[in-house]
Amino acid sequence: MMEVSASSVSLREFGCEQTLLSRPDGSASFVQGDTSVMAGVYGPAEVKVSKEIYDRATLEVLIQPKVGLPGVRERSQEQCVRETCEAALLLSLHPRSSLTLILQVLHDDGSLLGCCLNAACMALMDAGLSMSCLFCGVSCAITADGRIITDPTAAQEKESRALMTFAIDSTERRVIMSSTKGSFSVHELQQCIAVSQKASEKIFHFYRDSVRRRYSKNL
Amino acid sequence: MFSSLKEKVGQVLVPGDEFGFEAEDSISLTESAKPERVVCGPGLRRSGDRLVVSKSGVLRHKPPHCFWIESQQRRYIPAKGETVIGIVTAKSGDVFKVDVGSSEQASLSYLAFEGATKRNRPNVQVGDLVFAQFIIANKDMEPELVCIDGSGRANGMGVFGAGGLLFKVSLGLVRRLLAPHSDIRADLDRLFPCELVVGLNGRVWVRSSSTQQTLIVANLLQSCDTMTAAQRQQLFRKVQQGAL
Amino acid sequence: MAAGFKTAEPLEYHRSFLKENCRPDGRELSEFRTTTLNIGSITTADGSALVKMGNTTIICGIKAELANPTVDAPGKGYIVPNVDLPPLCSSRFRPGPPGEQAQAASQFIADVIESSEVIETEDLCIDRGKLCWVLYCDIMCLDYDGNILDAAVVALLAALRNTQLPEVTVNKETSTPEVNFEKRHRLHIHKHPVGTSFCVFDDSVLIVDPTAEEESLSTAQLTVVTDEDDRLCSLHKPGGSSMSGEKLQECINRATARQREIQKLIEKVTHSVTTAQ
């Protein structure tokens, strides 16, 4: 494993609010710089017979873009978010029921998939669903001269040579999800993973702080 | 494990936090080693020889060795022995289907009422509210409710009378209302006399001497979730002065 | 007996094989199924290829059309990949609009084309801002037995190598394109990206080239795409059980070896096709 100093990892300002919607069973909004995503979770609720799974809950993820209808890109992101959540959630505790996670993009200024993952994790936690671990999303961009930028803005993403998004779990800091664009060497990949693992510590720390803030009223 | 759990009581934990057996837990030579016993409630899960937190919330402890995570949740998941407020949605054969706000409708046999026999059916209509207790509730089976206790008595359960107002609050608030010596209940008592039925599924039913007072109580309770104790007492005082 | 065991406890059935470091079809954990390649199978298409990996069969046809370049990239042509999973290939697919898996696969192929720069889109430009080629790459699954992503990438690459575009000249006076079907030239393939898919069993055992059954029982899947310069074009892991950097390195090493095998196969088949003509 590569050593990465904490100072080399810079993330934009991030913020989060839980339980901001009244209808869903769990909701959260996550803001990273100018990128902002709102998430709502419904469930465990009744499931359609065609989607029923006898030994675990059915998880559905919907990503709504800021403008227009969801397309092929959103479908592929939905798959990534869904399978990441499935890895973290203990779905076998609620067989024959359905969980629905809706992610509404409020503004996209880079690192969108990472922000979606963070919003999803906070919303699932808010809904009180049982999870084996937490997860967070980190995006890294490699610039033309080989520098690694964590949590890039849309402009930085456009100029970059390669862009990677990882989902990192909270217990062992391993990679749950990986989605990449552009070509890069094996060494660059390992470096990006190490940087993301470092960045994930900050995000998990923030998760804990925001949950603590939320429960401060009934301590 | 016991001592490490005890240390964290009252703190906020998130899923993935672990408790393991400490190897250095001193073994005394004189006393025979007592096996440690820990009873895990909601939000704690055993995985191999470790204890893993699976929900975010505050760790609570009840002596001698019960631990659980108190979390704010909205969706109800049936548990055996819990009393809930349900809405009758259908009559099918000899069971009623009851909506309790969980993922599946619960069934309630017409014989599970006080004094009910094959000939003497209870008067329950679709749309009625019932206060009932789970006798079967697990993830693999349809949950089943009854309106009698072990000795066949109603014991407060059954169909609701006319009037009153049903509303939903968070599951955390419900548990705070039902706790012995609940301070919210004490504050409410000082306000007006009212009839209060609290189901563990987050449904609360209130009836008071006038519609206005019923609505005030409902609104107060719904706003309790997001207030600290001091804020709540201030609000209750304001209402008392305004209403009296 | 074995058939009954397999139906009743499929996961346990596979585990008992994996314990012995082999798989129900006799393969080792890091062994691919036999890959066969047929180039130029569809004569009406501008380029085509048929790939079989075990039972998985994928056919790719490329249709070139003339079009106007987009306004924001006047000097470039474009490539439109589409993956189709018809009800024919497996009982899990229903007729109607493409399902999530087909859409995610289409997106994956599009990402691979863009990331690997298999074709410089500048090469597809005929007259800057006025005329360019559009390559419609239709990838269809005929038999679904797992690992369609790898097979689709191989089929696409072979079909692109097989593609011959007719020469186009723009008539200066009428400014209409004139197509000379007699004179055709091949596309310039810059890179040879090849995908290698893995499945993780019980969060620990890594197997390569999974069948449909293994895919459905696995706890995670991932696909690594590498080119001949050992650069990674994609590390696609949609989720599932978590993996450490070391474990991923193992996958990448296997993927680079696989890239060599496939490139050799494509060279061989293309060579035999050209000598036969």
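**Close-up 1. C:Glu117, a partly exposed residue with a positive phi.** In this predicted model, C:Glu117 has 15 other C-beta atoms within 10 Å. That count makes C:Glu117 partly exposed, because a residue is called exposed at 12 or fewer such atoms and buried at 20 or more. Phi of C:Glu117 is about 55 degrees, although the residue is not a glycine. Along chain C, C:Glu117 belongs to the loop that runs between α3 (100-116) and β5 (125-127).

**Close-up 2. C:Asn21, an exposed residue with a positive phi.** The view shows the loop between α2 (10-18) and β1 (35-39) of chain C, where C:Asn21 is found. Its phi is near 60 degrees, a positive value in a residue other than glycine. Most residues other than glycine have a negative phi. Around C:Asn21 there are 10 other C-beta atoms within 10 Å, so the residue is exposed.

**Close-up 3. The cis peptide bond between A:Gly43 and A:Pro44.** Omega of this bond is about 0 degrees. A:Pro44 is placed in a strand of chain A, β3, which covers residues 35-45.

**Close-up 4. The cis peptide bond from B:Pro63 to B:Pro64.** Here two prolines are joined, and omega is near 5 degrees. B:Pro64 lies in a loop of chain B, with β6 (57-62) on one side and β7 (66-70) on the other. Most peptide bonds are trans.

How values were computed: Residues numbered from 1 in each chain as written. Chains lettered and ligands numbered in written order. Predicted model: local features only at pLDDT ≥ 70, side-chain atom pairs only at ≥ 80, totals over all residues. Helix = DSSP H or I, 4+ residues; strand = E, 2+ residues; numbered from the N terminus.
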